[in-house]
Amino acid sequence: MIRLTTLLAVLLFPSAVLAWSATGHHVVCVVAYDLMSEDTRAEAMGILSHHPDFNTTFKPPSNVTQQANIERWQIGVAGCWPDIIRRSDEDRPKWHYQLGATLVIDDAEADEPPGPLPIDATMDTKDLHIFQALELALKVYRDEAQPKADRAIALCWICHLVGDSHQPCHVGSLYAPCFRGGDRGANSIRLVGGGNLHSAWDRLLGSRATANDVRRRVAELELTPLSITPTTRVAPTKVWQKEARDFAKENVYTNEVLAPVRGASRNGERLPNLQLSDEYFSAAGRIAKMQAAVAGHRLASLLSGVELLAEDDTPWQVR
């Protein structure tokens, strides 16, 4: 039976702001669905149908009736499921982000990045970070000896983590003297009018996951088969991380953000709430769309059996 915490999350789902936002995760997954072959779609949806919450959480809205659109909705929910279960026993809070520095100023002390996936890690291991968790989920999903329910849960994490790893605020933090332990992926940078910089980036792809809004957002990406190269599709996660951190340096931590951070650090003051320009968010929106397209292509490739390369350009041993 679906837990009360999950049920409440589902009821609040259309307006919830959860990493990328529900709309953003739907968009990434629908892009992937549309790129996959019929055989890959059938395999993924067949496995997803064994999810313990499939008959509740994955039920499509009443206005979604065609089978292909039902499946688009369901794969989108798969990408959102790790956010839907927040604060439940199944939650894995650390899996959603990468520990370590995107940018360090004034010789602030940064956290060490996580190492390789521990050999004894399982889906119950909570002390993992985004790329460790993605490697683990791929192993479980591709292992036909695993229970189908476990593979369905792993599929949800794959869909979600590919999306999260392309949101620049999820792959590292800004370390400066005015923050203790970094800015937690821009969560500690408050904005005038409420909210923080991380949540503002999450909303760039939309904040209401209706079927019509997701369809419109996907159309806005103007995808073409040649828009993403094969090298991009199978790049090591080290490349994904560098891409996202480069975007963060250039587009998250612009001078509009860094100037007040440096001022607060130099004067030993608390960082004031920031008022960012329309130009800032216009540039951020372009990056969000590009990253959603790249994430969708990479997700489709992974679910199609393409080996995700390790940092030394050799495939992960996931089969």
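## Exercise 1: A helix pair

The axes of helix α2 (residues 22–35) and helix α12 (residues 278–303) come within 8 Å and cross at roughly 50°. Helices here are DSSP runs of H or I with at least four residues, strands are runs of E with at least two, and both are numbered from the N terminus. The model is predicted, so local features need pLDDT of at least 70 and side-chain atom pairs count only at pLDDT 80 or more, while totals for chains, interfaces and linings use all residues. Residues are numbered from 1 along each chain as its sequence is written, and side-chain values use heavy atoms, with hydrogens and water left out.

**Task.** Describe how α2 and α12 are oriented to each other, and find which residues make the contact.

**Solution.** 

1. Begin with the method: two packed helices are described by the angle between their axes and the distance between the axes. Axes are lines fitted to C-alpha atoms, for helices over the stretch in contact, and angles run from 0 to 180 degrees between N-to-C directions.
2. Next, classify the angle. Under 35 degrees counts as roughly parallel, over 145 as roughly antiparallel, 65 to 115 as roughly perpendicular and the rest as oblique. With a crossing of roughly 50°, α2 and α12 are therefore oblique to each other.
3. Then look at the handedness. A crossing is left-handed if the near helix is turned anticlockwise from the far one by less than a right angle, and right-handed if clockwise. For α2 and α12 the crossing is right-handed.
4. Now list the residues, taking contact as heavy atoms within 4.5 Å. From α2 come V27, V28, C29, V31, A32 and L35, and from α12 come A292, A293, A295, G296, H297, L299 and A300.
5. Finally, sort them by class. Ala, Val, Leu, Ile, Met, Phe, Trp, Tyr, Cys and Pro count as nonpolar, Asp, Glu, Lys and Arg as charged, and the others, Gly among them, as polar. The contact of α2 with α12 has 11 nonpolar, two polar and no charged residues.

## Exercise 2: Another partner for α2

**Task.** Work out how α2 packs with helix α4 (residues 67–84).

**Solution.** 

1. The axes of α2 and α4 are 8 Å apart, and the packing angle is about 130°.
2. That angle makes α2 oblique to α4.
3. The crossing of α2 and α4 is right-handed.
4. On the α2 side, the contact is made by A22, H25, H26, C29, V30, Y33 and D34; on the α4 side, by A68, E71, R72, W73, I75, G76, V77, G79, C80 and D83.
5. By class, the contact of α2 with α4 holds nine nonpolar, four polar and four charged residues.

## Exercise 3: Single residues

**Task.** Is L128 buried or exposed, and which residues does L128 touch?

**Solution.** 

1. L128 lies in the loop between β1 (101–104) and α5 (130–141).
2. Buried means under 20% relative accessible area, exposed over 50%, partly exposed in between (1.4 Å probe, protein chains only). At 0% relative accessibility, L128 is buried.
3. Leaving out residues up to four places away in sequence, L128 touches K94, W95, L117, P118, A121, A133 and L136.

**Task.** Where is I287, and which residues does I287 touch?

**Solution.** 

1. I287 belongs to helix α12 and is buried, with a relative accessible area of 10%.
2. Not counting residues up to four places away in sequence, I287 touches P168, W201, F247 and N251.

## Exercise 4: The whole protein

**Task.** How many helices and strands does the protein have?

**Solution.** 

1. The secondary structure comes to 12 helices and two strands.
2. Along the sequence, the pattern is α-α-α-α-β-α-α-β-α-α-α-α-α-α.
3. Of the 319 residues, 54% count as buried.
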